[in-house]
Amino acid sequence: MTFSANEPSPINERELRSAFGTFLTGITVVTMIDGDGNPRGITANSFTSVSLDPPLLLVCVGNRSFSFPAFCDTQSFAVNLLHEGQADVSSLFASKSSDKFQSVPFGPGITGAPILADCLTWFDCTVHDRVMAGDHLILIGRVQAFGTTPSAPLGFCRGRYTAAREPLAAGRQTEHGVQVGYLVEADDGILLQSDGTGGWRLPGGRSRKAESALSLGDGGLLPLRPDDTFLYSVFDIPGQDAGCLVYRARLAPEASAAGLPPDVRVFALDALPFEAIPTREARAMLRRYVRERQADRFGIYIDSGDGGRLAMVDGRASRWSHVVTENA
Ligand SMILES: Cc1cc2nc3c(=O)[nH]c(=O)nc-3n(C[C@H](O)[C@H](O)[C@H](O)COP(=O)(O)O)c2cc1C
C-alpha cells in the first residue's frame, strides 16, 4: 500500500471503484412505482441504516441509471435486502432489462412501493430527503413498515458475490469454539428462543454445564430439573467453524410458561416451527427428537464422515459418584 499525505495525486476512477469495492456489503434491490405506474428496480449495495428515531435509511442512486429520473420524483420506495440464494435477482436488477419484474413476484407495501415476495428483509419507505452528491442522488427514506426472515444474507465484495455467515448470538459460543444448545422439555413440548429476526433456535447457554438453571446469553434464566441434563447430539454445520453440542434437559416443575423470558416459548411437538429453524442439521435433530419422545426412548448422535452414528440410551443416566462407589 502506498500513499503520501503531502502530495495528492489525481484520483483514478477505476482504482477508486476497486478500492470502494473492498468494503464488504449486502445487496439490495431498491424499488418504486414510476410516473407511468410501472414498477422499477435497481440493484444497489449503497444501502446504509441512518437513524432509529426517526427511522431513517439511505441508498445512493447513480445518475446514469435509467431509473434515476423516477427516483428523483418518487414519494416512496422500498429497499429489499437479498438472501444468499438470490444472486440471480441481483444480476437481473443490475441489468438494463425493461421488464425486470416479469419473473420476480412482488406486492405493494403500504406506501405502494413494490416489495419482493422473496427476500431477506424489506423496508417500505416514504422519501424523507433527497441530496445530490456528485454523480449520485442520496435518497433518504423514512421507514413506514419492514419485515425480515431468518435466511442468510447475500454478500458482495471485490465485484463478487459472497456468503456472509451470520454472527453468533451473544453467549452461544464458548471460548473453545463450540456452540452449546439445550433441548429443554416442558409439558408436552420443548422451549425455543426467538433469534430476534423471525427465526427460532434452541436456547443457548453461556456455560456447557447447566445444573439447576440455564443462564441465557441475554440475561434470561431457565430453571432446570437438577440431574436431568444429558448429552443429545454433537455435530458440525457446514460453513461454520464452531461445532454444536446439544443437551437434553427438562424445565423445573415450578417454572410456568408465564414466567419464561419474553423471547422463549413452549412449542407443542406437533407445532414446531421447522420453517423458521435456520439450519438443516438443527431441523433433522428436532425431527429425531420428536420421534424419540413419542417412543420415550432417546439416543445420542454424533456426526461422522459416513453420515453420523446414533447410540440408543437404555435407562436413565446415573451419577458418576454412585457408579464409582458401587464398583469400588
Ligand atoms: C452489486 C451491485 C451493486 C450496485 N449498487 C448500486 C448502487 O448502490 N447505486 C446505483 O445507482 N447502482 C448500483 N448498481 C448498478 C445498478 O444496479 C445498474 O446500474 C442498473 O442497471 C440500474 O438499473 P436501471 O438502469 O434499469 O435503472 C449496482 C450493481 C451491482 C451489480
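1. Strand 2 (residues 28-33) and strand 3 (residues 39-44) run antiparallel and are joined by six bridges. Strands here are DSSP runs of E with at least two residues, helices are runs of H or I with at least four, and both are numbered from the N terminus; two strands pair if DSSP finds at least two bridges between them. Within this pair, Val30 has Ile42 of strand 3 as its bridge partner. Five residues sit between the two strands of this hairpin, and Gly37 takes a positive phi near 85° there.

2. A word on the source: this is a predicted model, in which local features need pLDDT of at least 70 and side-chain atom pairs count only at pLDDT 80 or more, while totals for chains, interfaces and linings use all residues. Residues are numbered from 1 along each chain as its sequence is written, and side-chain values use heavy atoms, with hydrogens and water left out.

3. The open sheet has seven of them in the order 3-2-6-9-10-5-4, with antiparallel pairing. Strand 3 and strand 4 (48-51) are at the edges with a single partner strand each, so one side of each has no neighbour in the sheet. On average, neighbouring strands of this sheet are turned by 35° against each other, direction ignored (axes are lines fitted to C-alpha atoms, for helices over the stretch in contact, and angles run from 0 to 180 degrees between N-to-C directions).

4. Elsewhere in the sheet order, strand 6 (residues 76-81) pairs with strand 9 (residues 121-133) in the antiparallel sense, over six bridges. If you want a spot to look at, Phe77 stands opposite Cys125 in strand 9.

5. Strand 4 pairs with strand 5 in the antiparallel sense over three bridges, and Ser49 has Leu57 in strand 5 as its bridge partner. The two strands form a hairpin with four residues between them. Pro54 is in the loop between strand 4 and strand 5, and the peptide bond joining Asp53 and Pro54 is cis, with omega about 5°. Most peptide bonds are trans.

6. Now the ligand. It is surrounded by 18 residues, the closest being Thr43, Ser46, Gly62, Ser67 and Lys96; a residue is near a molecule or strand if one of its heavy atoms lies within 4 Å of it. By class, the shell has nine nonpolar, seven polar and two charged residues (Ala, Val, Leu, Ile, Met, Phe, Trp, Tyr, Cys and Pro count as nonpolar, Asp, Glu, Lys and Arg as charged, and the others, Gly among them, as polar).

7. For the ligand's oxygen atoms, a backbone N or O atom of Ala94 lies 2.9 Å from one, and a polar backbone atom of Ser95 is 3.2 Å from one. Lys100 uses its side chain: a polar atom there lies 2.9 Å from an oxygen atom of the ligand. Taken alone, the ligand exposes 630 Å², and the protein buries 82% of that (Shrake-Rupley method, 1.4 Å probe; for residues, only the protein chains shown count as cover). Strand 3 and strand 5 (56-62) are the elements giving two or more residues to the shell.

8. Most residues other than glycine have a negative phi. Arg158, however, has a positive phi of about 50°, in the loop between strand 11 (154-157) and strand 12 (160-163). Arg158 counts as exposed because its relative accessibility is 65% (buried is under 20% relative accessible area, exposed over 50%, partly exposed in between, with a 1.4 Å probe and protein chains only). Asp296 has a positive phi near 55°, and is found in the loop between helix 4 (280-295) and strand 21 (299-302). Asp296 is exposed too, at 61% relative accessible area.

Notes
Polar contact = N/O pair within 3.5 Å; in protein donor to acceptor, adjacent residues only side chain to side chain.
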